[in-house]
Each structure stands twice: as structure tokens, then as C-alpha cells.
Amino acid sequence: MEMTYPILTIDKSGVDKYLCNMVQDSNHRFKSWEHCYEAFSNLNNPTDYLALHLAFYLASWGMYRGSCGILWKDYTIHMDAVNIIRKFHSLRKEWFTMDDVSQIMKLYNALKDYYSKITYYKPENKTSSLNLAATDTLITKIMLGTIGCVPALDDLFKRAFHCQGKQFDENLLKRIIDCSQSNKNTIQQCQISISEKLHSFYPSMKVVDMYFWQKGFDDLQNEVIKNGKIR
């Protein structure tokens, strides 16, 4: 029997707190998502231009650490991924329903398959190649920054969404879509606020990403203050 989960509530104040960073600093690193998403709105943009935008967005969002492996690659490693993303460009829209689950999972699997086949070398180990870690965090950040069809499943999001230790799959995607649909009115209010403050359009899944990242960040900070350390 499939487990059921309570639908989590999105609070506009949490999104406003995240948004405040970009209102106070127009060059804040959070804006890197916006620049990348806007670049991918035009399929006629050159592939290397899109790959460069994707690379900088990922770097700005913490994905160019050594543990991921793409630290040892230049931006052109993303060019084949750009061509994969082009095939799923019809997924770029404001809202997502259960009818989109199949296509979103196909995009996820195609990107995961591509990145998992990439190998790299470290300077201290030049004779033995390593496989790039095509983690859920990497793949969902790519999907969020280019298509905007899923939030980025990093540790902070998973903490707030109560899915720590779980892999991205169809069931988790359905939970996320359920959450967005159940909080549609609040998300729409957030989108209006974002448009007024940043003069940009943010799709529903980006709002979901903002809220649960901020909530996860705040929860972690409060735990550190309370306990003096992370459990």
C-alpha cells in the first residue's frame, strides 16, 4: 500500500524572507537562477551561451565543489545537457499537474543518465578516472534553472519537506505537485509580489523551492542555536 503524507502549507512570509535577499542586493547569488531561467526561455540562443549560463548558475548555487566532480570540467560539459533540455522545453510553464509527471521523470532520467556517464581526473590521481556524482541535488537544480519544473532537492529543501533520506522519484514528485496545487492561492500571491519587486516571472515550482529552502535554512539555524550543534 502506498504511504500517504500530509500536504504541507506554504506561508507567504517565508517566501518574502527569501525574496528580501534579492530586493536588498540586486546582485545577490540567488539572482543567478533568474538569469539562467531567462536565458533558457529562448531556444534560439547558442548552445555554448546556454551552457555557460547553466555552469555559472550551478557554481553560484554551490554545485562546483570537489565532491560533485564538475569542478574539474569546463562549462562545455553542459552542452549535451542543453540539447537534452531543448527536447523538453514544452514543460516550461507556470503550473504543473499529474499529467506532467511522466515527462518530468523522462527529463530527470535523461539528465541523470548523461551526467552519470561523465568521468574526470583529480590532479592527485591522474591515472584513474572517477565518475561524476549525478546526485538528485545536481539534476534537480539543473531542471529548476532551465525548465522550472521541480524544486531543487538539496538538504535544506528535504529537511523542510520531510523527505530526508529519500531519492527523487515519481512518488516524491507527486507529493510536490500536490503541495503546489493545495497552496495555489498563496503561490499566486507570492508570484505577484515577486513580479512587483523583481519585475520577473517565477513559475510555481520556483516559489515552492524558495519557501522550503528558506524554511529548511531557518529550522537548521534554530537547531544550531538551541543545541549548539547539528544533530
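This is a predicted model: local features need pLDDT of at least 70, side-chain atom pairs count only at pLDDT 80 or more; totals for chains, interfaces and linings use all residues.

User: Is the crossing of helix 1 and helix 9 right-handed or left-handed?

Analyst: For handedness, ask which way the near helix is turned from the far one: clockwise gives a right-handed crossing. Here, helix 1 and helix 9 cross in the right-handed sense. On the helix 1 side, the contact uses Lys 12, Val 15, Asp 16, Leu 19, Met 22 and Val 23. Helix 9 contributes Thr 186, Gln 189, Cys 190, Ser 193, Ile 194, Lys 197 and Leu 198.

User: At what angle do helix 1 and helix 9 pack?

Analyst: Angles under 35 degrees count as roughly parallel. Helix 1 (residues 12-24) and helix 9 (residues 184-198) pack at about 15°, their axes being 10 Å apart, so the two helices are roughly parallel to each other.

User: Which residues have the most contacts inside the largest nonpolar core?

Analyst: That core has 78 residues, and Leu 111, Tyr 115, Leu 138 and Phe 212 have the most contacts within it. Take Leu 138: beyond residues up to four places away in sequence, Leu 138 touches Leu 58, Met 63, Cys 68, Ile 70, Tyr 115, Leu 132 and Ala 133.

User: And is Asn 45 buried or exposed?

Analyst: Buried means under 20% relative accessible area. Asn 45 has 17%, so Asn 45 is buried. Asn 45 sits in the loop between helix 2 (31-39) and helix 3 (47-60). Setting aside neighbours within four places in sequence, Asn 45 contacts Ala 39, Leu 50 and Arg 86.

Notes:
Residues are numbered from 1 along each chain as its sequence is written. Side-chain values use heavy atoms; hydrogens and water are left out. Axes are lines fitted to C-alpha atoms, for helices over the stretch in contact, and angles run from 0 to 180 degrees between N-to-C directions. Helices (H or I, at least four residues) and strands (E, at least two) are DSSP runs, numbered from the N terminus. Angles under 35 degrees count as roughly parallel, over 145 as roughly antiparallel, 65 to 115 as roughly perpendicular and the rest as oblique. Contact means heavy atoms within 4.5 Å. A nonpolar core is a set of buried Ala, Val, Leu, Ile, Met, Phe, Trp, Tyr and Cys residues joined through side-chain atoms within 4.5 Å. Buried means under 20% relative accessible area, exposed over 50%, partly exposed in between (1.4 Å probe, protein chains only).
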